[in-house]
Amino acid sequence: MMSTSKLIVHTQNTPLRGTITVPGDKSISHRAVLLASLAEGVSVIRNWLPAGDTLATLEVMRTLGVHIDVDERLPQAWDLRVEGRGLRGLRRPAGPLNCRNAGTAIRLLAGVMAGQSFPSVLDGSEQLRRRPMRRVTEPLQLMGADIRAEEGHAPLYIRPSTLHGVSYSLPVASAQVKSALLLAGLYTGDAVRVFQPGPARDHTERLLMAMGAVVTMQAGWATLSDAPLGGRRLLPLDMTVPGDFSSAAFPIVAATIVPHSEITIRGVGVNETRTGLLHVLRQMGANIAISSQQVTGGEVAADVSVGFAELHGVDVDGPTVVRTIDEFPVWAVAATQAVDHSTVRDAAELRVKEVDRIALLAQELRRLGANIDEHQDGFTVHGPTRLKGASVESHDDHRLGMALAVAGLVADEPTLIHDAACMADSFPGFVDTMAQLGAAMEWVKPA
Ligand code: S3P
């Protein structure tokens, strides 16, 4: 969502205080609307996230003939009623399916569309067209898919074919690729086995299980069992999407670094494949408590309470990286306030996210006075640093934009963030939510 929107963040001279919620989980919202569309019967999905990325998936499912009623209960929390068409009931689209900026949408849909009896084209924004797609087209081809991507980039051209099972070892832990293969597996009678070299998020597996599919997760393998006689079918969902831990990460870090802060975020998804940041921040000395755990849609949600803490540096590598992958931009901001250096390694994946999150994060945080060294597979932040206000860019990356906004709270002068509207790709209402905690941020009104 490129725009000329600007956000100004002032030095936060008062503690952040209060209790908030964050919008529903993005990964689960994509999957829930997609899988509900393939179910037999009507699904109800509460607290669904209406963000730029997830709306792309919802619109694609409508284009494929799925009837979806929306109750816009709150601007940032919709309740959906999805009339599933069964695995084989989707309608042939008239043109390319637009996944906008959403990597999760295009990669998951690649698996589903490979199983259809009609051709389709998956495409998206210029930003999406720059992201690597071979990681999903190659293993789908091993399953018999007829899928083509010029030079390994979108658009993806898909034609009908007969799919079969596969046993595939992912070169890089990727929940999107794992999910694409499991979803394509719904269109085979065979087992599909995917090995992941690290604990990539398992929301697809959990939802498939909630819908009656037989999925096992063991020793790094996610397996969709072969189909019973009569073929596969998915039962409809009745669920509430938990708050997005990746969105909660911004107020969590903000409350950790703004002196005397004390906040609580209610109903946050704390699936272990997502909460590496909690582990890492606690190692740095953060003051975070989890309470009131409850299960919803096969996922655990909880209240997260955070108080200000003096941090010290830490090294992050290995399996923790996958569990923290989307949180490194805001973690880097915490690291600027920590005594001693903090390093992340084994995170080359950051270079192929919405943008190169190593190069651009380092570039923008340096503008604020941070001391960062780039590595091919990560970066080192030398702290603690007194940040200074500056004019910075989101580069149309929602998480980079929000991380810079959190940094602005502890900068000495105001920070101006250009192209800040992209924050709504994952966290609509970010500024209002932060304002509920007393954060001094405001949109610059167009002249
Ligand atoms: C996602 C998986 C992760 C993550 C992305 C969302 C998902 O990417 O970074 O923001 O919903 O499956 P990978 O598939 O590259 O691990």
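When I say contact, I mean heavy atoms within 4.5 Å. Keep that in mind, and keep in mind that this is a predicted model.

Let's start with Phe430. Set aside its neighbours within four places in sequence. Phe430 then contacts Phe250, Met402, Ala405, Met423 and Met441. Phe430 also belongs to the largest nonpolar core, which has 80 residues. Phe430 is one of the members that touch the most others there, along with Ile252, Leu281, Trp331, Leu365, Phe379 and Met441. Which helix gives this core its largest share? Helix 8, residues 245–257, with nine residues.

Who meets whom? On the helix 8 side, Ala249, Phe250, Val253 and Ile257; on the helix 11 side, Val330, Val333 and Ala334. The make-up of that contact is simple: seven nonpolar residues, no polar and no charged. A reminder on helices. An α-helix has 3.6 residues a turn, so residues three or four places apart point the same way.

Next, helix 12, residues 359–367. Its buried residues are Leu360, Leu361, Ala362, Glu364 and Leu365. Note Glu364 in that list. What covers them? The cover includes helix 11, strand 20, strand 21, strand 22 and helix 13. Just after helix 12 comes Gly369, with a positive phi of about 100°.

Helix 13 brings us to Ala407, which lies in that helix. Is Ala407 buried or exposed? Buried, because its relative accessible area is 0%, and the cut-off for buried is under 20%. Beyond four places in sequence, Ala407 contacts Val333, Leu365, Leu368 and Leu387. Ala407 and Phe250 are 157 residues apart along the chain, yet their C-alpha atoms are separated by 10.0 Å.

Now a loop residue, Ala390. It is found between strand 21, residues 378–383, and strand 22, residues 391–393. Ala390 is buried too, with a relative accessible area of 19%. Not counting residues up to four places away, Ala390 touches Arg367, Leu368, Pro414, Thr415 and Leu416. From Ala390 to Asp412 the C-alpha separation is 9.6 Å, and these two are 22 residues apart along the chain.

Strand 22 takes us to a sheet. It is open, has four strands in the order 22-23-1-24, and its pairing is mixed. Which strands stand at the edges? Strand 22 and strand 24, residues 441–443. Each has a single partner strand, so one side of each is left without a neighbour in the sheet. From one strand to the next, the twist averages 25°.

Inside that sheet, strand 1 pairs with strand 24 in the antiparallel sense, over three bridges. Which residue of strand 24 is the bridge partner of Val9? Met441. We have met Met441 already, as a contact of Phe430.

Last stop, Ser5. It sits in the segment before strand 1, residues 6–9. Ser5 counts as buried, at 16% relative accessibility. Leaving out residues up to four places away, Ser5 touches Ile417, His418, Asp419, Ala420, Ala421 and Trp443.

Definitions and conventions: Residues numbered from 1 in each chain as written. Predicted model: local features only at pLDDT ≥ 70, side-chain atom pairs only at ≥ 80, totals over all residues. Heavy atoms only, no water. Core = buried A, V, L, I, M, F, W, Y, C linked by side-chain atoms within 4.5 Å. Buried < 20%, exposed > 50% of the residue type's maximum accessible area, 1.4 Å probe, protein only. Helix = DSSP H or I, 4+ residues; strand = E, 2+ residues; numbered from the N terminus. Nonpolar A, V, L, I, M, F, W, Y, C, P; charged D, E, K, R; others polar. Pairing = 2+ DSSP bridges. Axes fitted to C-alpha atoms, helices over the stretch in contact; angles between N-to-C directions.
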